[in-house]
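Dear colleague,

I am handing over a structure for your study, and my findings follow below it. Please keep in mind that this is a predicted model.

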Amino acid sequence: MAFELLTVGQMAQADALTIAGGTPGITLMHNAGRAVAQAITARWAPRQTVILCGPGNNGGDGWVVASALHALGWPVRVASMVPVDALKGDARLAADAWGAEYAQHDPQQPAWQMLDMTCLDGAELVVDALFGAGLSKPLEGLPAEVLSRAHARGLSIVAVDVPSGVWGDTGEATGAVPCELTVTFFRKKPGHMLMPGRALCGKVVVADIGIQPEVLTSLDVRVWDNCPCAWRTVWPHREEAGHKYHRGHAVIWGGPIMTGAPRLSARAAARVGAGLTTVCVPQSAWPVYASTLTSIMVHPVAGEGATQWQAGLKTLLDTARLTAALIGPGAAGGTHPVGVKALVLTMLASGLPVVLDADALSVFRDDPALLFAAIAGHGRPVVMTPHEGEFARLFPASVIDPIEGKLERTRRAAQLSGAIVLLKGADTVVAAPDGRAMVNAHAPSTLATAGSGDVLAGLIVGLLAQGMPAWQATCAAVWLHGDAAHVFGPGLIADDLPEQIPQVLRRLAEQISHC
């Protein structure tokens, strides 16, 4: 299963390496156009189709689509942004081949027309071959107007590579319209995965056009589509003779008031396989936790102030056989931020892999450098799981420009903080300080519910407790989180998510076996 995501530049390199290896560029163009035609005929019966062709190789693909559909008996028209005489290279060869073919069948009619507002007349299907993923400026003028009119008329639109106006490296879009189908080649690009580009692409088909996977070794790929095949080799497997301590011991700080969030995290950690899970809580809150958690241990710490809680947490961290820790869900409820800071810093001094979520991030809004220094001195993996609001508090516009794409912002945040950064959303990105990043599209909108993030944090600490490497553990947790929501379906609340994990793990075992 292909899960690498290639930048526009890397895809151009893949093309160039293939051509240098002996495959003519026109062959790649023919393969691309025929793949688009095949995807179209698999979805629709013959209908009046207009191909909108741009001035470059994306337009060249469109001319081949026209030839392929015409050969199958489809009624096809081509509208070109530029005269055929202005085309160069392989695009000119493809256009000339279409013109010659069309003349053989209908010499009385022109093979193409210039792009204008009449080109959609009578059309039922539109193929957008205007601009590919390399466009890095807003789609404006006549091309944008024609596509906008096609969308307004409710016409089915198929994009070649990406919808025109979507930036292949970032998913940003200006002037693009929604498509029902996008056909891209060899590998997806980040723009197919990141919002709003992902929502505009519709169904994405990745077609084989003759580029061999071996070219990937020359491309320094650093971004992947989050799927089990990407982390299956480090997925924790249980030993037949193992016991609970072999599966790790996760500890979670539980605040005194917002008690639901830590309990959700604890159940998720246990469900995903941690051998033991302990919630460390103030003595006053112990009855609430202990009365609702059965297989989860509840460790009380004496006192009613942050200083005493810090001492109790430190004692637990120093004495128990723990393998990973989580703080943040519900941590600041009723507690002064300074107290939560002290608890976070205590965990970061423990020598354990640590997950920082929610309140554990927000309390450092006035002094992110203090948090980053503690992470740097920690020497063990740290995972931060902000949503966009929390991200902006730690990485204000003066540090990371919010105009930058989500992928680049997350990667820069990981580099600056020294932590694995999981920037949540419909297009969650997980980045490591060394530049590796995973983009997740396996998450339904039903996850937009209170407590969902607490479950995600629990899944991460549960996998870390079992010894899974931090970046892969975070990516796996994101995928499991989304799959649990897919399994449950509509009506989801956060309480439902941990209970879906057993079924999700069974589904995962099946998927991993096919990687």
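An open sheet is built from ten strands, with mixed pairing and the order β8-β17-β16-β15-β14-β13-β12-β9-β10-β11. Its edges are β8 (223–225) and β11 (297–301); each has a single partner strand, so one side of each is left without a neighbour in the sheet. On average, neighbouring strands here are turned by 20° against each other, direction ignored.

Within this sheet, strand β12 (residues 324–327) and strand β13 (residues 354–356) run parallel and are joined by three bridges. A325 has V354 in β13 as its bridge partner. Helix α9 (residues 260–271) packs on the sheet and touches β9 (249–253), β10 (276–282) and β12. The direction of α9 makes about 170° with that of β9. Helix α14 (residues 368–378) also packs on the sheet, where it touches β13 and β14 (382–384), and its direction makes about 150° with that of β14.

There is also an open sheet of seven strands, paired in parallel in the order β3-β2-β1-β4-β5-β6-β7. Here β3 (113–114) and β7 (203–207) stand at the edges with a single partner strand each, so one side of each lacks a neighbour in the sheet. Four bridges link strand β4 (residues 125–129) to strand β5 (residues 156–160) in the parallel sense, and D128 stands opposite A159 in β5.

Lastly, helix α2 (residues 25–43) packs against helix α4 (residues 89–105) at an angle of about 55°, with the axes 9 Å apart. The two helices are therefore oblique to each other. G25, I26 and M29 of α2 meet D90, A91, L93 and A94 of α4. These contact residues comprise five nonpolar, one polar and one charged.

With kind regards

Methods: Residues are numbered from 1 along each chain as its sequence is written. This is a predicted model: local features need pLDDT of at least 70, side-chain atom pairs count only at pLDDT 80 or more; totals for chains, interfaces and linings use all residues. Side-chain values use heavy atoms; hydrogens and water are left out. Axes are lines fitted to C-alpha atoms, for helices over the stretch in contact, and angles run from 0 to 180 degrees between N-to-C directions. Angles under 35 degrees count as roughly parallel, over 145 as roughly antiparallel, 65 to 115 as roughly perpendicular and the rest as oblique. Contact means heavy atoms within 4.5 Å. Ala, Val, Leu, Ile, Met, Phe, Trp, Tyr, Cys and Pro count as nonpolar, Asp, Glu, Lys and Arg as charged, and the others, Gly among them, as polar. Two strands pair if DSSP finds at least two bridges between them.
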